[in-house]
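Me: Could you take a close look at a single helix in this model and walk me through it carefully, residue by residue where that helps?

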Amino acid sequence: ARFSGAPVPTSEVINRGIFAEGFGCLLDGLVGTGNGTTSYSENISALAITRVGSRGVIIAAACWLILLGLIAKIGAFFATIPTAIVGGLWLGLFGLIAAVGLSNLQFVDLNSQRNLFVLGFGLFSGLSIPAWVNSLDPAHPLRVPIISTVFSTGMAVGLLFSVILDNIIPSDWENDERGIKKFGIKLWDFSYYVWLRDLPRFIATWPFDAVARARAS
């Protein structure tokens, strides 16, 4: 949204996006493709480079790709592109994706020990845990497909630990330590704005509250 000049997406927009992805996966299953679909992060680089975020352009490009995919000669032409050129494109593409992710830290208080801990733990776990999982013997109990798939992917591991820590470690909400307000989320845009503020306290007190409620009943 920031690269295309669009406002911060509301909860309704996010819900529609999730619904569209789920519906696309449903259609994939109906036609027998055997794999789901998702919105690729490479589109972030395309938006940053072209500055075009129009859905009409995306639909037109998708139609062109479908038509070109039906022509074998076009596919053969793209297959002849040297690996070095593809590698150069990927350097720019994924480098920009990483830079876009890091740019979100501009809203966060990086002088906060809490935020530095969450950031450092997420980055280092994303680098170290996949290497450890991949080094395990194939017969190891942790090498079951779902665990091996998730924890051998650096981005998934880093995201998982960062999200968990960021939501269970209390923060200074009044001074916007987490950067929620600076990012552009407003109370009237997101119904879970207060929920974000109170989640760490809820997680910390829920077991005791549950016991108290059980005794009271």
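Reply: Helix H1 covers residues 11-31, and because its 21 residues should span 30 Å at 1.5 Å a residue, the 30 Å that separates its end C-alpha atoms agrees with that expectation. This is a predicted model, so every value here is computed from predicted coordinates. Within H1, the buried residues are Ser11, Gly24 and Asp28, where buried means under 20% relative accessible area. Seen down the axis of H1, these buried residues fall within an arc of 155°, and therefore they line one face of the helix. As background to that reading, an α-helix has 3.6 residues a turn, so residues three or four places apart point the same way. On the other side of H1, the exposed residues are Arg16, Phe19, Gly29, Leu30 and Val31, exposed being over 50% relative accessible area. Just after H1 comes Gly32, which takes a positive phi of about 80°.

For context elsewhere in the chain, a nonpolar surface patch of about 760 Å² is made by Phe77, Phe78, Ile81, Ile85, Leu89, Trp90 and Phe94. Helix H4 (72-79) and helix H5 (83-103) each supply at least two residues of this patch, and the largest share, 4 residues, comes from H5.

Note on methods:
Residues numbered from 1 in each chain as written. Predicted model: local features only at pLDDT ≥ 70, side-chain atom pairs only at ≥ 80, totals over all residues. Heavy atoms only, no water. Patch = residues over 30% accessible without salt bridge, like charges linked within 9 Å, V, L, I, M, F, W, Y side chains within 5 Å. Areas by Shrake-Rupley, 256 points an atom, 1.4 Å probe, with all protein chains shown as cover. Salt bridge = Lys/Arg side-chain N within 4 Å of Asp/Glu carboxyl O. Expected span 1.5 Å × (residues − 1). Buried < 20%, exposed > 50% of the residue type's maximum accessible area, 1.4 Å probe, protein only. Arc of directions from axis to C-beta.
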